[in-house]
Amino acid sequence: MDRFAGPDEFRDYFKTHYGPTISAYRAIAGDPERVAALDRDLAELARRHTSDSGAMRWEYLLLTARRRG
């Protein structure tokens, strides 16, 4: 993962650029407490996964499927 200046920048990037996160915020837009909780949780996610150098190391699964015939 590219480097972000800090956890808040990570959160703000995903909040404005990543479809599933945008959808989550839209779904709770009318509830300020839930929005604040999601803000905190995304920033905490960044804190937990950021090394001292500022890099984020994540694993992911890449799956390739082929249609038979």
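At roughly what angle do the axes of helix α1 (residues 7-17) and α3 cross, and within what distance do they come? The tour below begins with this pair of helices in the predicted model.

**Stop 1: helices α1 and α3**

Select residues 7-17, which form helix α1, and display α3 beside them. The two axes cross at roughly 120 degrees and come within 8 Å.

From α1, select Pro-7, Asp-8, Phe-10, Arg-11 and Lys-15. From α3, select Asp-39, Leu-42, Ala-43, Leu-45, Ala-46 and Arg-47. Colouring the contact of α1 with α3 by residue type gives six nonpolar residues, five charged residues and no polar ones.

**Stop 2: Arg-11**

Centre the view on Arg-11, a residue of helix α1. Is Arg-11 buried or exposed? Its relative accessible area is 15%, and buried means under 20%, so Arg-11 counts as buried. Leaving aside residues up to four places away in sequence, Arg-11 touches Tyr-25, Asp-39, Leu-42 and Ala-43.

**Stop 3: from Arg-11 to Thr-21**

Now select Thr-21, whose place is in helix α2. Thr-21 and Arg-11 are ten residues apart in sequence, and their C-alpha atoms lie 9.4 Å apart in space. With a relative accessible area of 12%, Thr-21 is buried. Which residues does Thr-21 touch, not counting those up to four places away in sequence? They are Phe-14, Lys-15 and Leu-42. Leu-42 is also touched by Arg-11.

**Stop 4: helices α2 and α3**

Finally, select residues 19-27 for helix α2 and residues 32-49 for helix α3. These helices pack at an angle of about 150 degrees, and their axes are 9 Å apart. Angles over 145 degrees count as roughly antiparallel, and this description therefore applies to α2 and α3. Here, too, the crossing is right-handed, as α2 passes α3.

To see the contact itself, display Thr-21, Ala-24 and Tyr-25 in α2, together with Val-35, Leu-38, Asp-39 and Leu-42 in α3. The residues of the contact of α2 with α3 divide into five nonpolar, one polar and one charged. Asp-39 and Leu-42, shown here in the contact with α2, also belong to the contact of α1 with α3.

Note on methods: Residues are numbered from 1 along each chain as its sequence is written. This is a predicted model: local features need pLDDT of at least 70, side-chain atom pairs count only at pLDDT 80 or more; totals for chains, interfaces and linings use all residues. Side-chain values use heavy atoms; hydrogens and water are left out. Axes are lines fitted to C-alpha atoms, for helices over the stretch in contact, and angles run from 0 to 180 degrees between N-to-C directions. Helices (H or I, at least four residues) and strands (E, at least two) are DSSP runs, numbered from the N terminus. Angles under 35 degrees count as roughly parallel, over 145 as roughly antiparallel, 65 to 115 as roughly perpendicular and the rest as oblique. A crossing is left-handed if the near helix is turned anticlockwise from the far one by less than a right angle, and right-handed if clockwise. Contact means heavy atoms within 4.5 Å. Ala, Val, Leu, Ile, Met, Phe, Trp, Tyr, Cys and Pro count as nonpolar, Asp, Glu, Lys and Arg as charged, and the others, Gly among them, as polar. Buried means under 20% relative accessible area, exposed over 50%, partly exposed in between (1.4 Å probe, protein chains only).
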